[in-house]
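Hi,

Here is the structure I promised to pass on. Have a look at it first, and then read my notes below.

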Amino acid sequence: YITDSQGEPIIEKHYRGTVHRSELDHFASTRPALPAAILAAAPPAGPPVAISAHSALAHVFRGGLYLVAATREGCKEMCPATVVAFLHGVADLFEDYFGELNEHAIKDNFVTVYEILDEVLDYGFPLTTDPNALKRLIPPPSIFRRVVSSLPTDSLETPPPPSLPNFSSALSRAPWRISDPSPKYAQNEIFVDIIERVSAVILPSGHPLVQGVAGEVVVDCRLSGMPEVTLEFSRGDVLENVGLHRCVRRSKEGGGGAGGVGKVLRFVPPDGRFELMRYAAGIDFAMPLDLRAKVEYRERDHGGTVNVLVSSTIRGAKKGEDACGDALVRVYFPEQVMGVSASSAYGTVKFDPRSKVRTGPELR
């Protein structure tokens, strides 16, 4: 199922028998009844698998939509983590095809969505979510395809039999990269983005009690032919719980223990933008932001004050330059809070009375 933020189905696809709509109604009853804009700012918390009377419903929330996968065997046939990872892969696939993932993109491309769902699963088991492999079978949506699909069948001439797709690249050593015809660029370029998310528990003094980093390496490849790329880390031994794209070949000299990665990665990259790897790091490091909070509660009027001080600890290349670009702070209040009078010394601040989230300051 693909549903809106309220749990109302938009797309319904069955593979091994029919899952009754009442199972989805049970799932929708457990979701917060909030508009998509609020849910996008503060995604709903809770386990990714909901258990109903006859099914286990794994779900992810992306772009204001729920992608729900149901199994009648109570997740005995397949690991729930595999189902959740597959749903994220389908969401990434829709973003690659349509440029964005939201309710309008799904409704405007019903035909393509059903074609994709026919190919990504085989009798209910994940087959592939690789965009390069699927685009050889299902062309991305275009204005011509939309016009043709909207015309009545009897107004169209009988088209010639479709030619079978060329599966030579699927049998090659790099099935994730288009090889017939191979991509050609006038200017060969490759871009690497390292995106890291810092999680920490900070003491009132401002010193971190517990800290960790979860990161991902995103590559945008614009290279001709069938290139082999080498990526070298200065300290690959500190990376843990590494998840690699299937294009990566571990080198013997790279080393790396169980769940880690060595110093060298070699790979034949897919064409375009893709996620090369994910990792975690539990080493001690300097926090990029100095965050200090002070909370005071008054019993006489059941009120209080919350003071948050945020400053950047990263300096730019030039003297006096701040390397921290945008900073956005969210403070979550309990449901008992009726109202907040918010102010900020810098930037803007606002309070959402429905989600109980204070956002700010937004430093630019």
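**Helices, sheet and pocket**

Helix α5, residues 110-120, lies across β1 and β2, and its direction is at about 75 degrees to β2. Before you go further, bear in mind that this is a predicted model.

Now for the sheet those strands sit in. It is an open one of five strands, paired antiparallel in the order β2-β1-β5-β4-β3. The edges are taken by β2 (9-11) and β3 (49-51); each has a single partner strand, so one side of each has no neighbour in the sheet. Helix α1 (residues 21-29) also packs on this sheet, where it touches β1, β2, β3, β4 (56-62) and β5 (65-71). The direction of α1 makes about 55 degrees with that of β4.

If you zoom in on β1 (residues 2-3), you'll find two bridges joining that strand to β2, the two running antiparallel. T3 is the residue opposite P9 in β2.

The other thing to look at is the largest pocket, with a volume of about 1300 Å³. Which elements give two or more residues to its lining? They are α3 (80-98), α6 (131-135), β9 (208-222), β11 (240-244) and β14 (272-281). Of these, α3 gives the most, with nine residues. The lining comes to 34 residues, and H88, G89, D92, F274 and E275 are the ones nearest the pocket's centre. Sorted by class, the lining has 13 nonpolar, 12 charged and nine polar residues.

Cheers

Technical notes:
Residues numbered from 1 in each chain as written. Predicted model: local features only at pLDDT ≥ 70, side-chain atom pairs only at ≥ 80, totals over all residues. Heavy atoms only, no water. 1 Å grid on protein atoms, 1.4 Å probe; cavity = no way out; pocket = protein on both sides within 12 Å on 5 of 7 lines; lining within 4 Å. Points joined across faces, edges and corners; volume = space filled by probe spheres on them. Helix = DSSP H or I, 4+ residues; strand = E, 2+ residues; numbered from the N terminus. Nonpolar A, V, L, I, M, F, W, Y, C, P; charged D, E, K, R; others polar. Pairing = 2+ DSSP bridges. Contact = heavy atoms within 4.5 Å. Axes fitted to C-alpha atoms, helices over the stretch in contact; angles between N-to-C directions.
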